Amino acid sequence: MTGYIRPLHRLSRSDEPNFGGKSANLGELLAADIPVPPGFAISTEAFHAFVHDAGLEDRISSALANLSPGDVDGIGHASHAISEAMRFAPVPAALREQIAEHYANLGEDSPPVAVRSSAVGEDSQDATFAGQQETYLWVRGTEHVCDAVRDCWVSLYSPPAISYRARLGEVERAAAMGVTVQLMVDAEISGVMFTCNPVSGDPSMVAVNASWGLGLAVVGGEVTPDDFLVSKVTREVVREHIHPKDVQYVPDPDGKGAVRVAVDGERRAARSLEQADLERLVDVARRIERYFGCHQDIEWALPRGETERVLIVQTRPVTAISKKPDKPKPASAMSLIMSTFGAGPPKDA
Amino acid sequence: MATTAPKAGAFPSPYEIETPPGCEGWEEMYPYYALFDERRRETDENRFWFWNSMHFPMPMPAFDVICIDSPYQAVGAWQNRVFAVPPAMGIDYRCINGYIYISGNPVTDPEKIAERAQFFQQRAGYYFQNWSELYGKWRAKMEALIRELGELEVPDLPEYEPDEVAFGDDRNTAFYEVLDAYPRALRLGDMMWQHHFEFLLLGYGAYGTFVEFCKGHLPDIPDQHIAQMVAGIDVLLFRPDAELRRLARLAIETGVDEAFQQGRSPAEIDAELAETEPGRSWLEELEKVKDPWFNMATGDGLYHYYRSWLDDPSIPYASLIGHISALGAGEQIDRPTDEIRRERDRLAEEYGSLLDDESRSSFDDLLNLSRTVFPYVEEHKFFCDYWFLTRWWNKIREFGELLARNDFIEDSEDVFQLSRYEVASALDELVLTWATGGLPLGPKHWPPIAARRKEILRKLGEWTPPPAVGVTPDAVTDPMTIMLWGVTTERVQEWARQQDGGSVLNGAAASPGVIEGIARVVRSVDQIGDVRDGEILVCGSTSPAWAPIFSKIKATVTDVGGVMSHAAIVAREYGLPAVVGTGRATAAIRTGQTIRVDGSEGTVTVL
């Protein structure tokens with residue numbers, strides 16, 4: 001049996017078809033010496049083996065037969081039938097063994113990991129529609145990792161995911177998904193950053209959102225994060241808005257999963273990132289942007305007790321950048337000056 | 001030029017503004033054409049006028065009106081008649097309660113605009129292509145003009161004309177000399193204003209285009225980064241303070257620094273220095289620096305009371321004391337020019353590299369042109385507004401002394417309470433009665449007029465003018481209004497909203513940082529002595545002469561000015577938060593109030 005699993009540092013962009021975009025990108029980040037928590041990637045082949053071994057192929061295709069995108073009830077029923085079947089199917093023993101082996105390599109005493117779906121062949125925005133953004137945090141122990149991996153697979157057949165593929169006319173195409181398993185960062189502060197200002201389109205800015213605890217609260221939109229706009233050129237904060245951050249996700253004290261808790265009174269309104277933190281984040285953002293050659297949407301975390309370490313847990317291309325409508329067209333200095341004085345073609349011509 | 005539908009309501013009508021009590025008759029100080037007159041009410045009431053508090057923050061003394069007329073004559077001549085800026089002719093001004101409101105004259109006919117564009121492209125193009133050469137000639141012209149002003153003599157009226165008049169060839173009598181000298185003095189002033197505006201529009205236009213380009217492509221770029229990329233390094237305007245730093249160091253090296261005690265007057269310091277040999281050599285060194293570097297004005301130069309450092313050394317001496325104490329504390333006081341140059345080139349390179357190739361080449365082009373024009377933009381103030389103008393006011397003062405010696409006015413300074421025509425008239429009577437030996441009426445006529453006007457001006461100074469009058473335009477489209485005053489559509493809408501009151505003022509974010517503190521409202525430069533350490537300066541605008549107080553204050557707020565205004569530039573140098581162009585900070589904020597200045601967002605909040 002071939003390996004279903006590869007350590008993240010052995011992946012590159014070309015592995016995207018087999019391991020999904022998220023895993024491949026993390027491999028690229030490691031190649032670029034960007035600090036990424038260690039982990040491993042599970043290939044799409046593992047998913048196929050799972051479906052095959054459990055004899056689910058026919059059940060899946062019959063449940064999906066003749067569905068139309070608008071058939072809400074039909075999609076709901078299909079989703080339910082497939083999910084139930086998958087949930088009770090075993091993870092193939094060979095895969096389980098490999099997971100156990102790679103998981104053990106991440107550390108002793110069942111280290112907590114994040115298990116995330118790693119979409120194939122779709123850009124990130126589509127992946128969101130396709131429901132392929134499942135994340136299970138603070139998972140511990142091989143059994144629970146295997147369960148989380150299976151839950152990621154199940155998410156391929158959530159109603160929105162089916163509906164999305166139906167709209168593309170691909171409802172019956174064999175869907176596939178990779179899974180990323182990564183050592184969990186117990187983040188004291190975490191958030192996302194863009195290597196441009198996605199609102200204004202300014203490429204000289206890094207836009208940073210930050211809040212307390214694990215990244216879930218920011219990514220899931222459960223808090224209004226602190227909002228910083230930092231110049232790439234001078235690393236100074238050009239604008240900032242500090243918001244009250246009422247809730248955060250922290251590891252469950254029982255040692256499994258993440259729980260949502262209230263943030264202590266004073267800390268709510270406190271500034272989450274200091275200048276030095278922002279400078280470190282901007283430096284990493286610039287390295288990532290340079291490496292990929294396009295604007296990136298990056299999830300980051302600062303570990304509890306050592307917030308001077310920036311860890312990157314995910315990066316993907318920025319898909320939507322607004323363009324300023326009145327951006328002056330490139331032209332000779334003289335013709336631009338002429339239009340300043342109303343002596344040339346109008347600016348928006 | 002877009003058509004703008006007038007909208008009434010937000011700002012008061014210029015015809016409905018009341019005269020403050022005790023100021024009745026203020027109109028007599030100003031020319032008939034400067035007033036909101038019933039005979040053109042229909043037109044004037046339906047225009048948008050904004051208070052030019054950048055240049056005229058205080059009510060105008062009668063004589064100083066010449067510094068409204070001449071600049072607007074000059075700027076209009078270049079803008080409208082030489083370069084023919086297509087959509088904008090010149091600027092009209094009117095006076096309300098002594099304060100100056102201005103309004104641009106648009107060109108709206110598309111055919112006319114196209115016709116003017118032909119002229120503009122050719123003529124402005126010529127200037128841009130030959131900028132450095134033309135600017136070199138300009139400097140020579142200005143230096144010659146300043147020399148000519150220095151050579152202009154204001155004659156006295158002797159009991160008997162000297163023998164040369166009787167026995168020499170081509171000698172003039174004093175009556176002719178006086179009547180000849182006065183209009184010549186006025187004419188030299190006009191000449192300066194003509195020079196002043198020759199390059200100004202084009203210089204600001206080139207820079208403004210670069211700013212717009214940067215903001216289009218890099219919408220969040222801090223204004224000061226744009227300025228840093230363009231600003232000159234060894235700019236003339238930095239020389240005066242550089243010389244003071246050198247003198248401060250010299251004082252320490254030669255051991256005479258003890259003389260520079262806080263609270264001592266320049267005269268007291270000089271007296272102590274004169275007692276020792278090293279002190280005397282330091283004073284000699286100071287003399288060498290004074291010409292030309294002490295030709296700095298203590299204000300923006302448009303009022304007669306903004307004297308030069310030569311006339312009022314308290315400002316440079318305050319700087320000297322500051323520099324010496326900073327050096328004593330082991331601080332680095334030099335402008336790190338190498339570092340500034342490296343940073344300027346680094347910013348330009350980094351920002352350029354963030355643009356695509358095509359935009360990059362426009363960016364580089366505009367940046368180069370902006371750097372070419374910038375010496376003029378920065379230096380014309382030194383030549384025109386400071387060096388020439390402070391000396392020119394002194395020349396007028398000499399006529400004041402002549403009138404005062406003959407009791408036409410009580411004090412030579414009172415000459416500025418008379419209009420330039422009234423001064424001509426007073427001089428006429430003076431030389432007439434000098435010649436005839438008759439009894440002059442002037443000593444009975446002028447002193448009460450001057451006294452009354454000083455009182456009116458004092459009271460007008462306590463009145464707060466609205467930021468604008470007349471109709472609110474839907475859009476400000478006049479490129480000159482936007483470029484030179486920073487009065488944009490948004491700014492006007494903000495002013496209109498603020499007419500209802502409100503505790504947040506908006507302006508341009510000129511220097512980043514947020515700070516809270518006690519406000520000190522300073523209406524004119526002679527009040528800067530009132531500013532206490534750690535206060536926030538709230539003023540109409542500042543000029544290089546205000547430099548010493550920037551080391552005392554912790555933030556700056558101005559009524560008028562853009563990110564290239566003096567207050568903005570200096571605030572950035574000192575790392576102080578600054579919000580400029582709020583329109584009404586001096587009106588809305590009172591000394592002693594606690595305010596928050598957000599120089600990153602451009603807001604000022606009264607707490």
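Trainee: How far apart do the C-alpha centres of domain 1 and domain 2 of chain A lie?

Mentor: In this predicted model, the C-alpha centres of domain 1 of chain A and domain 2 of chain A lie 26 Å apart. Local features need pLDDT of at least 70 and side-chain atom pairs count only at pLDDT 80 or more, while totals for chains, interfaces and linings use all residues. Residues are numbered from 1 along each chain as its sequence is written, and chains are lettered from A, with ligands numbered from 1, in the order in which they are written.

Trainee: And which bounds does the domain assignment give?

Mentor: Domain 1 of chain A is 5-183 and domain 2 is 187-317, with bounds that come from an automatic or database domain assignment.

Trainee: How many residues are in contact between them?

Mentor: Counting a contact where C-beta atoms, placed from the backbone, lie within 7 Å, 17 residues of domain 1 of chain A are in contact with 21 residues of domain 2 of chain A. On the domain 1 side, α2 (21-31) and β4 (135-139) of chain A each give two or more residues, and α2(A) gives the most, with 5 residues; helices (H or I, at least four residues) and strands (E, at least two) are DSSP runs, numbered from the N terminus.

Trainee: Switching topic, how many residues of chain B are in contact with chain A?

Mentor: There are 40 residues of chain B in contact with 29 residues of chain A.

Trainee: Which element of chain B gives the largest share?

Mentor: That is α7(B), with 8 residues of the side that touches chain A.

How values were computed:
Two residues are in contact if their C-beta atoms, placed from the backbone, lie within 7 Å.
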